[in-house]
Amino acid sequence: MRKKRGGAVKQIIIFLCALCVASCQSIPGEENAEKFRANTYLPILEKFTDNTSQYNGFHNQFEVHATLLNSKVIKTQVDLLGQYFQWDKVKQNDRLQSEDKKLSENTTVFISFFSPDTELSELTSKKTPINFYLESSGRRYDGKVVDAKHAGVELQKLYPYHNRWSKGYHLEFAIPATTVEKTPSTLTLTGPLGAKTISFSPNL
């Protein structure tokens with residue numbers, strides 16, 4: 001009986017040591033991803049992000065943060081996600097090619113929208129009182145609003161200004177992002193509550 005009990009204890013110790021080794025091996029990859037996020041990704045994101053808000057007296061009607069998803073932002077996003085999900089080179093290259101194709105066809109802006117009025121926050125509703133326009137090189141383009149499909153935790157990693165009280169959306173415009181990113185551009189919000197603008201720097 002003693003020998004069997006000693007053998008069981010030995011197996012448990014070996015199992016716990018294996019778990020410890022496995023966890024220690026995963027830490028460097030996580031640390032590298034967070035370092036890349038802090039030192040490379042977030043400074044790029046900040047450069048192409050702006051925000052605005054609308055008040056009626058002291059009453060906050062809405063707040064908006066917006067990021068122009070140009071080629072520089074998208075590339076670093078793919079690099080970051082590749083590190084988080086441990087993609088191999090083939091999958092990462094496929095993702096980059098897919099994103100490059102989208103950049104050559106449309107311009108996408110991510111927005112994090114907050115309003116204490118829940119109905120106002122439903123920007124995909126046909127009843128929404130807010131319209132979006134992108135102005136680039138003297139032309140105005142209507143925006144199509146779609147829900148951001150990333151999970152909540154992923155959105156907060158990609159866009160640290162986004163939180164659980166806000167809703168994430170993608171605004172799509174029928175002009176290549178590779179064209180828009182060459183010059184300064186402006187996102188305009190219009191409606192009965194008033195007009196607000198958000199400015200984006202060119203990708204230099």
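**Overview: contacts and folding pattern of the whole chain.** Residues 24 or more positions apart make up 70% of the contacts in the protein that have a separation of 6 or more. Please keep in mind that this is a predicted model. The protein holds five helices and nine strands, and along the sequence they follow the pattern α-β-β-α-α-β-β-β-β-α-β-α-β-β. Of its 204 residues, 37% count as buried. The accessible surface comes to about 12,500 Å², and carbon and sulfur atoms account for 54% of that surface.

**Close-up 1: the largest nonpolar core.** Which members of this 23-residue core touch the most other members? They are Val109, Ile111, Phe132 and Leu187. Strand 2 (59–68), strand 3 (107–114), strand 4 (131–136), strand 7 (167–173), strand 8 (185–190) and strand 9 (196–200) each supply at least two residues of the core. Strand 2 gives the most, with four residues. A second, separate core has 21 residues, among them Leu45, Phe48, Leu81 and Leu158. As general background, nonpolar side chains in soluble globular proteins tend to be buried together.

Close-up 2: Strand 1 and strand 2 pair over eight bridges; here Thr49 has Thr67 in strand 2 as its bridge partner.

**Close-up 3: the hairpin of strand 4 and strand 5.** Strand 4 and strand 5 (residues 139–142) run antiparallel and pair over four bridges. Two residues lie between the strands, and Ser137 takes a positive phi near 50° in this hairpin. Glu135 stands opposite Arg140 in strand 5, and the side chains of these two residues also meet in a salt bridge (3.5 Å, N to O). Are the two partners buried, exposed or in between? Arg140 is partly exposed at 49% relative accessibility, and Glu135 is partly exposed at 34%.

**Close-up 4: the hairpin of strand 8 and strand 9.** Five bridges join these antiparallel strands, and Thr186 has Ser199 in strand 9 as its bridge partner. The hairpin has five residues between its strands, with Gly191 in the turn showing a positive phi of about 160°.

**Close-up 5: salt bridges in helix 3 and across the chain.** The structure holds seven salt bridges. In one of them, the closest N and O atoms of Arg95 and Glu99 are 3.3 Å apart. Both residues lie in helix 3 (residues 89–103), four residues apart, or about one turn of the helix. Arg95 is partly exposed at 27% relative accessibility, whereas Glu99 has 13% and therefore counts as buried, the cut-off for buried being under 20%. Lys102 joins Arg95 and Glu99 in a network of salt bridges. Another bridge links Lys167 with Glu122, whose closest N and O atoms are 2.2 Å apart. This pair connects distant parts of the chain: Lys167 is in strand 7 and Glu122 is in the loop between strand 3 and strand 4, 45 residues apart. Lys167 is partly exposed at 32% relative accessibility, and Glu122 is partly exposed at 32%.

Methods
Residues numbered from 1 in each chain as written. Predicted model: local features only at pLDDT ≥ 70, side-chain atom pairs only at ≥ 80, totals over all residues. Heavy atoms only, no water. Core = buried A, V, L, I, M, F, W, Y, C linked by side-chain atoms within 4.5 Å. Buried < 20%, exposed > 50% of the residue type's maximum accessible area, 1.4 Å probe, protein only. Contact = heavy atoms within 4.5 Å. Areas by Shrake-Rupley, 256 points an atom, 1.4 Å probe, with all protein chains shown as cover. Pairing = 2+ DSSP bridges. Salt bridge = Lys/Arg side-chain N within 4 Å of Asp/Glu carboxyl O.
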